[in-house]
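Keep the structure open as you read.

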Amino acid sequence: MKDAIRFLLFIIYTALIFCINDYRIITLFIIINLILMIIEKIRLKEAGKNLVKLSPFILVVVVINMISNTIQNAAVIGIRLMLVFNITYIFTKNLTPGQLSNSIENILAPLKIFKVNTKDIGIMISIAIAFIPILKDETEKIKYSLQSKGFDTRGINMLKNMKLLLVPLIVSILKRVDHIENGLKSKGYISE
């Protein structure tokens, strides 16, 4: 139940970040993020590395907002995204996919009245979250394979060679999904 409360607080906190426009309150959110990092014993260097990995996405969103909106609004959106990415990093650092699955089951428990199987929803979310690092590793392997064959996997050239990356990735995903399906069938989660 404690994890379910943490998950609900995380969702509410994240939603509040996008609802607030006042700079003083955004500064308060930055301070809260720093305090949470201290409480959860997350080093600033780790959080910084995480933000650097996500900086291309943040930059694209900021540039699009600069074009369609004012620079001031674009900067606020960039700060909001950094805050959300940081709080997500803090939240996921100390929560396993199993704990997240149980939290979602507990939160969705009232749906059992309508005969919704919350355990299935929790398992699906848990599998989806566990699948993300696998996809990242597969993408890296395919990129290294393409580089060893002489293909350029950076920038514009990667866009030209995208089908060389996507086809093996999709085949790999389908194989993994088949393995997961067989595992779930063998454990009795799904029937044929």
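**Starting at the surface**

Lys 115 is exposed, with a relative accessible area of 78%. Here, buried means under 20% relative accessible area, exposed means over 50%, and partly exposed is in between (1.4 Å probe, protein chains only). You'll find Lys 115 in the loop between α5 and α6. Those labels come from DSSP runs, numbered from the N terminus: helices are H or I with at least four residues, and strands are E with at least two. Lys 115 also has a positive phi of about 60 degrees, although it is not a glycine. As background, most residues other than glycine have a negative phi.

Now look at Lys 41, in the loop between α2 and α3. Lys 41 isn't a glycine either, and its phi is positive, at about 60 degrees. With 74% relative accessibility, Lys 41 counts as exposed.

Before going further, keep in mind that this is a predicted model: local features need pLDDT of at least 70, side-chain atom pairs count only at pLDDT 80 or more, and totals for chains, interfaces and linings use all residues. Residues are numbered from 1 along each chain as its sequence is written, and side-chain values use heavy atoms, with hydrogens and water left out.

The protein chain has a mean pLDDT of 83, and 95% of its residues reach 70 or more. Among the elements, helix α2 (residues 23–39) has the highest mean, 89, while helix α7 (residues 155–160) has the lowest, 65.

Time to step back and see the whole chain. Its secondary structure comes to eight helices and zero strands. The C-alpha trace spans about 55 × 55 × 35 Å along its principal axes. The radius of gyration is 20 Å, whereas a compact globule of 192 residues would have one near 16 Å. That radius is taken over C-alpha atoms, and the globule rule is 2.2 Å times the number of residues to the power 0.38.

What share of the 192 residues is buried? The count comes to 28%. Contacts (heavy atoms within 4.5 Å) tell you about the fold too: of those with a separation of 6 or more, 64% are between residues 24 or more positions apart.

Let's go inside. Leu 83 sits in helix α4 (residues 71–93). Leu 83 counts as buried because its relative accessible area is 6%. Leaving out residues up to four places away in sequence, Leu 83 touches Ile 17, Ile 26, Phe 29, Ile 30 and Asn 33. Leu 83 and Phe 18 are 65 residues apart in sequence, yet 9.8 Å apart in space, C-alpha to C-alpha.

Next, find Asn 50 in helix α3 (residues 44–68). Is Asn 50 buried or exposed? At 17% relative accessibility, Asn 50 counts as buried. Its contacts, again not counting residues up to four places away in sequence, are with Phe 85 and Tyr 89.

Finally, visit helix α5 (residues 97–107), where Leu 100, Ser 101, Ser 103, Ile 104 and Glu 105 are buried. What covers these buried residues of α5? The cover includes α1 (2–19), α4 and α6 (118–148).

Key:
pLDDT is the predictor's confidence in each residue, from 0 to 100.
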